[in-house]
Amino acid sequence: MAIAERIAAVRSRMAEACRRAGRDPAGVRLVAVSKTKPAQAVTEALACGQTLFGENYVQEFVEKREQVEQVAPGAEWHFIGALQSNKVKYLAGKVTLIHSVDRLALAEEIERQWGKLGQTADILLEANLGGEASKAGVAASSLEELARAVARLPHVRVCGLMVLPPFFDDPERVRPFFRELRQLAEHLESLKIPQVTMRELSMGMSGDFEAAIEEGATLVRVGTALFGAR
Ligand SMILES: *Cc1c(COP(=O)(O)O)cnc(C)c1O
């Protein structure tokens, strides 16, 4: 299947999920996860009107972004992968949202690098809800403390939460994690921490984005269903 058809198919499934949940489709954005795929895959998707892309690896992102910019400017990039503090400087000013902030030291480095540019970074706090040691993310019980600490950084804005739940083939087994993330966001919102909003919920991937939308996702991160297997 051509990329245009894959994008159309994913968009129509997103719209259906919105309809089932009584949600406005404009409230859910598709992040096309282009990791390991060449710049050409991105420019093809751009030509089909897909403008938002997610990348996981800093060096790959920097190179790909430059290649894409040369032939087709206009892409918006999110960083969704595990992030080391010493690599943050390569992202500054180049991504509009970092989904994967799970520790204060990382937020402090984002503060430093975006501050140098006189800009404010939008970030999400990544939650680890499955208790998997192999995965990044902060435990639900520590989210409030991290949100309050990050809120004190003037060049970093917390815009919501992200989760990478345990893997299950059956989306119904992932759904409880999506629901939990939304409930955590509602709780954090109710605390009215200055500079912290919960307007974004980044959850759902190729296998389960419809369930995520039904549970409140505002950003779905979809790779395989758009670009094929990696
Ligand atoms: C790779 C990746 C995705 C996309 O996964 P697919 O199953 O290919 O849709 C989403 N989120 C994160 C954090 C990823 O690393």
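Is Phe 61 buried or exposed, and what is its relative accessible area?

Author: Quick note before we dig in: this is a predicted model, where local features need pLDDT of at least 70, side-chain atom pairs count only at pLDDT 80 or more, and totals for chains, interfaces and linings use all residues. Residues are numbered from 1 along each chain as its sequence is written, and side-chain values use heavy atoms, with hydrogens and water left out.

Now, Phe 61 has a relative accessible area of 0%, so it is buried (buried means under 20% relative accessible area, exposed over 50%, partly exposed in between, with a 1.4 Å probe and protein chains only). Phe 61 sits in helix α3, residues 58-71 (helices are DSSP runs of H or I with at least four residues, strands are E runs of at least two, numbered from the N terminus).

Its ring pairs with Trp 77 edge-to-face, at 5.4 Å centre to centre and 65° between the planes. Rings of Phe, Tyr and Trp (its six-membered ring) pair if their centres lie within 6.5 Å; planes under 30 degrees apart count as stacked, over 60 as edge-to-face and the rest as tilted. Trp 77 belongs to strand β3, 16 residues away from Phe 61, and counts as buried because its relative accessibility is 2%.

Trp 77 also pairs with Phe 53, this time tilted: 5.6 Å between centres and 40° between planes. Phe 53 lies in strand β2 (residues 52-55), 24 residues from Trp 77, and is buried too. Put together, ring pairs link Phe 53, Phe 61 and Trp 77 into a cluster.
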